[in-house]
Amino acid sequence: MSFGELLFLAVGGHHLPHDLIGPICNAVLAARIMNATLVLPELDTNSFWHDESGFPGIYDVDHFIKSLRYDVRIVESLPEIHTHGKTKKMKAYQIRPPRDAPPSWYTTFALGKMKEHGAIYLTPFSHRLAEEIDEPEYQRLRCRVNYHALRFKPHIMSLSNTIVSKLRAHGHFMAIHLRFEMDMLAFAGCLDIFTPQQQSILRKYRKENFKEKELVYSERRAIGKCPLTPEEVGLILRAMGFDNSTRIYLAAGELFGGEHFMQPFRTMFPRLENHSTVVPAEELEENNAQGLVGAAVDYMVCLLADIFMPTYDGPSNFANNLMGHRLYYGFRTTIQPDRKALAPIFIDRENGRVAGFEEAIRRVMFNTKFGGPHKRVRPESFYTNSWPECFCQTSTHNAGDKCPSENVMEVLNRHLQIKRSEDS
C-alpha cells in the first residue's frame with residue numbers, strides 16, 4: 001500500500017487513556033480512508049490530571065507505529081518546511097468534523113481541504129466518524145488499533161502484572177468499576193440520596209460542565225439512569241451467591257459521599273483491594289502510579305481479572321471498552337447489571353417490600369450474557385461488542401471471514417521482505 005498526503009489529526013479534550021480509544025481508532029481509520037499520513041494523536045492530560053506526558057507517556061509509541069505500518073503511515077509530528085530560505089514547522093488547517101460523519105465526508109470535504117492546505121487538524125474528534133460502517137475491513141482495522149496496536153508502556157504493563165499476580169496468589173478475584181464519582185452523578189442527575197450540601201456541590205458541577213436540562217431523580221432512577229450505589233452492588237453480588245470471602249479489586253476514582261456509602265458494601269465484602277493496597281507505596285511512587293498511569297493500571301487489572309463488573313456503562317468509556325476488550329480476548333466473564341430491570345426491585349426494597357428480593361435480583365442477573373458472544377443491537381457500541389466483524393470463523397463461505405492458517409504478522413513480514421528484495 002502506498003501512502004499519500006499528510007493528515008494532522010489531533011484528539012483533544014480526552015483526559016483518560018480509555019477515553020482516547022474510540023478517537024484514536026477513528027483517526028487511524030480516517031487516515032486509511034483518505035490514504036493520508038497520520039500525525040501521532042494528541043492527548044489532553046494536563047487540564048484534568050496535571051500531567052504533561054500525553055500519548056507517549058502511557059502508550060508504547062514504537063509498537064503503535066510498527067503494528068500499523070501495513071495500514072497507515074504514522075509520524076510523531078508535522079514536518080518542517082523550507083520556504084524563502086527559512087525553516088518553519090508546517091501548519092495544519094483546523095476543521096471541526098460533524099458528529100458521526102460518514103466515510104464520504106472524509107473522501108470529499110476533508111480530503112479537499114487537505115489537498116488545499118497540505119495538512120488538516122480535526123478537533124474535537126470524539127464520535128466524529130460513523131461507528132457502523134458497511135465495510136468489514138474498516139471495522140477490522142479499528143480492532144487492530146484497539147486490541148493490538150494500542151499497548152501501554154512497559155512499566156505500566158509490568159506494574160499491572162505484578163498486581164494481578166499478587167491478587168491471584170490468593171485465588172480468583174473479581175474487578176469492579178465502581179462508577180460513583182462526582183462527574184457521573186452530576187451528569188446522571190442523581191442527587192436526592194445526598195445531603196443538601198452535597199446536592200449543592202453536584203448541581204454546581206453540573207451547571208459548569210453539562211448542558212442545562214431539567215432532570216427528576218425519581219424518574220431517572222425508575223428507568224435505570226442512575227449509577228448503582230456501592231450498597232446496591234453488594235446486594236446484587238450477594239443475591240448471585242458471592243460471599244464475604246470474595247476478593248474484589250476496586251477500580252474507582254474518589255467516591256462521592258465518602259465512607260457513608262461505602263460502609264454497607266465493605267461490611268458485605270471486606271476483602272477489598274485497589275492498586276494502593278496491593279503494591280507498596282514506594283513501588284507506586286517509583287512508577288508514578290497516580291492519575292493517568294493509575295487509570296491505565298486499573299484498566300489492565302480489570303482486563304485480566306477472572307470476573308469484571310461495571311456498575312455504570314452509560315457514557316462510561318472505561319466500562320464499555322473493557323467489556324469489548326474482554327469479549328475480544330476469549331469472551332471473559334463479565335457481570336453486566338441491567339439497571340433498568342433492577343430499578344423497580346430496589347425501589348420496592350426501599351419502600352419496605354422485601355419479600356422475594358434476592359430471587360427477583362437473580363431472575364434479572366441470570367438473564368444477562370456474562371460476556372458471551374451475541375449480536376450487537378443498538379445502542380450497544382462497536383467498542384463494547386465487535387462481534388462478529390473482528391472474529392474470524394473456522395467454517396464460512398466468505399474467504400475474508402476465515403481464520404488465517406498462519407500468524408498474520410509473519411505472513412505480512414514475509415511479503416514485505418519479498419517486496420524489498422524485488423525493489424533492490
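How many helices and strands does the secondary structure of the protein come to? There are 19 helices and 11 strands. Helices (H or I, at least four residues) and strands (E, at least two) are DSSP runs, numbered from the N terminus. The model is predicted: local features need pLDDT of at least 70, side-chain atom pairs count only at pLDDT 80 or more, and totals for chains, interfaces and linings use all residues. Residues are numbered from 1 along each chain as its sequence is written, and side-chain values use heavy atoms, with hydrogens and water left out.

Of the 424 residues in the protein, 49% are buried. Buried means under 20% relative accessible area, exposed over 50%, and partly exposed in between (1.4 Å probe, protein chains only). Contacts (heavy atoms within 4.5 Å) were also sorted by sequence separation. Among those between residues at least 6 apart in sequence, 75% join residues at least 24 apart.

An open sheet is formed by 4 strands in the order β10-β9-β8-β11. Its pairing is parallel. Two strands pair if DSSP finds at least two bridges between them. The edge strands are β10 (272-273) and β11, each pairing on one side only. Helix α16 (residues 317-328) packs on this sheet and touches β8, β9 and β11. The direction of α16 makes about 150° with that of β11. Axes here are lines fitted to C-alpha atoms, for helices over the stretch in contact, and angles run from 0 to 180 degrees between N-to-C directions.

Strand β8 spans residues 174-177. A175 has Y249 of β9 as its bridge partner. Another 4 bridges join β8 to β11 (residues 307-310), again in parallel. Along this pairing, I176 stands opposite M309, and H177 stands opposite P310. In a regular strand the side chains alternate between the two faces of the sheet. Both faces of β8 are covered. M174 and I176 are buried on one side, and A175 and H177 are buried on the other.

Two helix pairs were examined next. Two packed helices are described by the angle between their axes and the distance between the axes. The axes of α1 (residues 21-34) and α6 (residues 136-149) come within 9 Å and cross at roughly 130°. The two helices are therefore oblique to each other. Angles under 35 degrees count as roughly parallel, over 145 as roughly antiparallel, 65 to 115 as roughly perpendicular and the rest as oblique. The crossing of α1 and α6 is right-handed. A crossing is right-handed if the near helix is turned clockwise from the far one by less than a right angle, and left-handed if anticlockwise. From α1, the contact draws on I21, I24, C25, N26, V28, L29, R32 and I33. From α6, E137, Y138, L141, R142, R144, V145 and N146 take part. These residues divide into 9 nonpolar, 2 polar and 4 charged. Ala, Val, Leu, Ile, Met, Phe, Trp, Tyr, Cys and Pro count as nonpolar, Asp, Glu, Lys and Arg as charged, and the others, Gly among them, as polar.

The second pair is α11 (residues 230-239) and α18 (residues 357-365), whose axes come within 9 Å and cross at roughly 85°. That angle makes α11 roughly perpendicular to α18. L235, I236, R238 and A239 of α11 make the contact with F357, E358, I361, R362 and M365 of α18. The residues of this contact comprise 6 nonpolar, no polar and 3 charged.

Backbone exceptions occur in two loops. Most residues other than glycine have a negative phi, and most peptide bonds are trans. In the loop between β7 (120-122) and α6 lies P124. The peptide bond from T123 to P124 is cis, with omega near -5°. H127 is placed in the loop between β7 and α6 as well. H127 has a positive phi of about 60° although it is not a glycine. Its relative accessibility is 37%, so H127 counts as partly exposed.

The loop between α18 and α19 (408-423) holds P388. W387 and P388 are joined by a cis peptide bond, with omega about 10°. F370 is also found in the loop between α18 and α19. Although not a glycine, F370 has a positive phi of about 55°. At 27% relative accessibility, F370 counts as partly exposed.
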